[in-house]
Amino acid sequence: MDPSASHSKPTVGVVLEGGGFRGMYTSGVIDVWMEHGITATATVGVSAGATFGCNFKSEQIGRALRYNKKYCADPRYCSIRNWLFKGDLFSRDFAYDELPWKLDVFDQEAFARSPMRFTVVATDINEGVPVYHDLGPGDKGDIEWIRASASIPMVSHPVKLEGRELLDGGVADSIPFAWMLEQGLDRTVVVLTQPAGYRKEPNSLMPVLRLWLKRYPRLVELLANRHERYNAQLDELARLERAGKVFIIRPSESVRMPMMVRDPEILERAYQVGRADAEATLDTLEAYISGD
């Protein structure tokens with residue numbers, strides 16, 4: 001055995017839960033990490049964990065907060081009007097094209113240069129299974145995969161990629177820690193967007209969803225029992241946390257958000273909760289990563 005192997009840095013996997021604009025909490029967490037030089041070998045993001053978490057790989061501190069505060073009240077970004085006239089609550093043309101390539105530019109070169117593996121999760125709505133896709137050069141094709149991961153059923157058109165119809169990855173795998181553990185890394189860090197003690201309730205919109213999405217029976221089935229699978233994931237994460245197998249950061253207070261946010265200060269508040277929690281757990285996180 002190479003004696004130098006014992007001195008090599010542990011490999012670290014990071015899991016970023018979704019949750020719409022609750023992702024501002026995650027943005028606050030990862031911005032603090034970047035400011036302190038904490039990175040990951042691999043990151044997997046779901047929905048908002050993908051849309052905002054991609055800045056972890058491109059090392060763009062503050063970007064997610066900046067553009068969301070600037071454009072949250074802009075109907076071109078997210079609005080009922082977009083949904084009624086184009087079928088997507090978050091505009092494909094504005095949110096996933098004009099914004100990242102012209103208005104608040106996503107650093108594609110830095111993303112491609114970073115050694116971090118970045119994976120997004122989407123749901124195949126015909127097969128009813130999660131799809132894990134590694135992003136590559138950070139180009140428009142990668143942005144389409146991020147859009148697929150974050151496309152909410154009923155208020156988004158399915159995104160067609162590689163012969164699949166895709167929607168929100170959180171439907172099939174809300175917290176992909178099991179997938180990350182299968183990657184065989186030394187440490188696993190999970191960022192949740194719900195506080196301790198949270199339990200997901202059955203979806204009250206299921207009667208409407210069953211009618212709206214009747215073409216996709218496997219998607220409907222996933223939506224119907226999503227709360228059971230999510231709560232089971234929380235239970236398993238609690239077990240793994242007690243055993244020291246994962247390190248979890250979760251909101252110290254609720255960062256609950258409506259689907260659409262018009263007040264930038266609401267986003268700022270969630271972001272600051274994330275920053276405060278990241279700062280408060282920084283020493284224990286670094287000790288966990290190093291194995292001390």
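Guide: Buried means under 20% relative accessible area, exposed means over 50%, and partly exposed is in between, with a 1.4 Å probe and protein chains only. The model is predicted, so local features need pLDDT of at least 70 and side-chain atom pairs count only at pLDDT 80 or more, while totals for chains, interfaces and linings use all residues. Residues are numbered from 1 along each chain as its sequence is written, and side-chain values use heavy atoms, with hydrogens and water left out.

A search of the whole structure gives 13 aromatic pairs. Rings of Phe, Tyr and Trp (its six-membered ring) pair if their centres lie within 6.5 Å; planes under 30 degrees apart count as stacked, over 60 as edge-to-face and the rest as tilted. One of the pairs is Tyr-71 with Phe-94, which is edge-to-face, at 5.5 Å centre to centre and 75 degrees between the planes. Tyr-71 lies in helix α4 (residues 63-71) and Phe-94 in helix α6 (residues 92-103), so this pair ties together parts that are 23 residues apart in sequence. Helices (H or I, at least four residues) and strands (E, at least two) are DSSP runs, numbered from the N terminus. Tyr-71 counts as buried at 8% relative accessibility, and Phe-94 is buried with a relative accessible area of 4%.

A further pair joins Phe-106 and Phe-111; this one is tilted, with 5.4 Å centre to centre and 55 degrees between the planes. Both Phe-106 and Phe-111 are buried. Phe-111 also has Lys-57 over its face, at 4.9 Å from the ring centre. A charge sits over a ring if NZ of Lys or CZ of Arg is within 6 Å of the ring centre and within 35 degrees of the ring normal. Lys-200 likewise lies over the face of Tyr-230, at 4.9 Å from the ring centre.

Tyr-71 and Phe-94 belong to one aromatic cluster, together with Phe-21, Tyr-67, Tyr-77 and Phe-90.

As for the backbone, Ser-47 has a phi near 55 degrees, a positive value in a residue other than glycine. Ser-47 is in the loop between β2 (42-46) and α2 (48-51), and is buried at 9% relative accessible area. Glu-162 has a positive phi too, near 50 degrees, and is found in the loop between β5 (159-161) and β6 (164-168). Glu-162 counts as exposed, at 64% relative accessibility.
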